[in-house]
Amino acid sequence: MLYLRVGHKQKTNLKMNKRFYYILMVLCICGIPFFGFGIINTLVSLKYETEGVNECISLTTSYDLCLTLNILKGLTLLCTISLFILIVFKQKLIKTRK
C-alpha cells in the first residue's frame, strides 16, 4: 500500500560524483572555443558560399548555414551557462565523503 504524508517535504539528494563534475567542467571549457570556431567557420561560409546578403543555403554543400549558425550559438551559450552554474554551485553539486 502507498501512504502519502500531507505537508511532509522529502529532501532529495541529487549530488554528483567529483569525477563526473570535473568531466562536465572540461567538456564545457573545451566546448566554448570549439563551438566558437564553428561559428567563425560558418560565418566565412556564409560570406563566400552564398549569393546574396539574405541567402542562407550554401551553393557548394546545400546546407542551411543560418540554421547551423543558430545551433552553434545556442551550444556556445549552453556551455557558458553550464560552466557558470558548475562554478557557482560547486559545493552544492559535489558529494562530500563522511
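## What covers helix 2

The cover over the buried residues of helix 2 includes helix 1 (18-48) and helix 3 (90-93). Helices here are DSSP runs of H or I with at least four residues, strands are runs of E with at least two, and both are numbered from the N terminus. "Buried" means under 20% relative accessible area, "exposed" means over 50%, and "partly exposed" is in between, with a 1.4 Å probe and protein chains only. Keep in mind that this is a predicted model, where local features need pLDDT of at least 70, side-chain atom pairs count only at pLDDT 80 or more, and totals for chains, interfaces and linings use all residues. Residues are numbered from 1 along each chain as its sequence is written, and side-chain values use heavy atoms, with hydrogens and water left out.

## The overall layout

The protein has three helices and zero strands, so its pattern along the sequence reads α-α-α. Of its 98 residues, 21% are buried. Contact means heavy atoms within 4.5 Å. Take the contacts between residues at least 6 apart in sequence: 61% of them join residues at least 24 apart.

## A closer look at helix 2

Helix 2 runs over residues 65-88, and its 24 residues should span 34 Å at 1.5 Å a residue; the end C-alpha atoms are 35 Å apart, which agrees. The expected span is 1.5 Å times one less than the number of residues. At the start of the helix, a side-chain oxygen of Asp64 comes within 3.3 Å of the backbone nitrogen of Cys66. That is a polar contact: a pair of N or O atoms within 3.5 Å where, within protein, one must be able to donate a hydrogen and the other to accept it, and residues adjacent in sequence count only if both atoms are side-chain atoms.

Which residues of helix 2 are buried? They are Leu65, Leu69, Leu72, Thr76, Cys79, Leu83 and Leu86. An α-helix has 3.6 residues a turn, so residues three or four places apart point the same way.

Ile85 is also in helix 2, but Ile85 is partly exposed, at 38% relative accessible area. Ile85 belongs to a nonpolar surface patch with Leu77, Ile81, Phe84, Val88 and Phe89, and together they have about 570 Å² of accessible area.

## Two threonines

Thr42 lies in helix 1 and counts as buried at 7% relative accessibility. A polar atom of its side chain is 2.7 Å from the backbone oxygen of Gly38. Leaving aside neighbours within four places in sequence, Thr42 touches Leu65, Thr68, Leu69 and Leu72.

Thr50 sits in the loop between helix 1 and helix 2, and Thr50 is buried too, with a relative accessible area of 11%. Its side chain has a polar atom 2.5 Å from the backbone oxygen of Leu46. With neighbours within four places in sequence left out, the contacts of Thr50 include Ser45, Cys56, Leu59 and Leu65.

Phe37 is in helix 1 and is exposed, at 57% relative accessibility. Phe37 and Leu72 are 35 residues apart in sequence, with their C-alpha atoms 9.4 Å apart in space.

Asn54, in the loop between helix 1 and helix 2, is exposed at 74%. Twelve residues separate Asn54 and Cys66 in sequence, and their C-alpha atoms are 9.7 Å apart.

Key
Patch = residues over 30% accessible without salt bridge, like charges linked within 9 Å, V, L, I, M, F, W, Y side chains within 5 Å. Areas by Shrake-Rupley, 256 points an atom, 1.4 Å probe, with all protein chains shown as cover. Salt bridge = Lys/Arg side-chain N within 4 Å of Asp/Glu carboxyl O.
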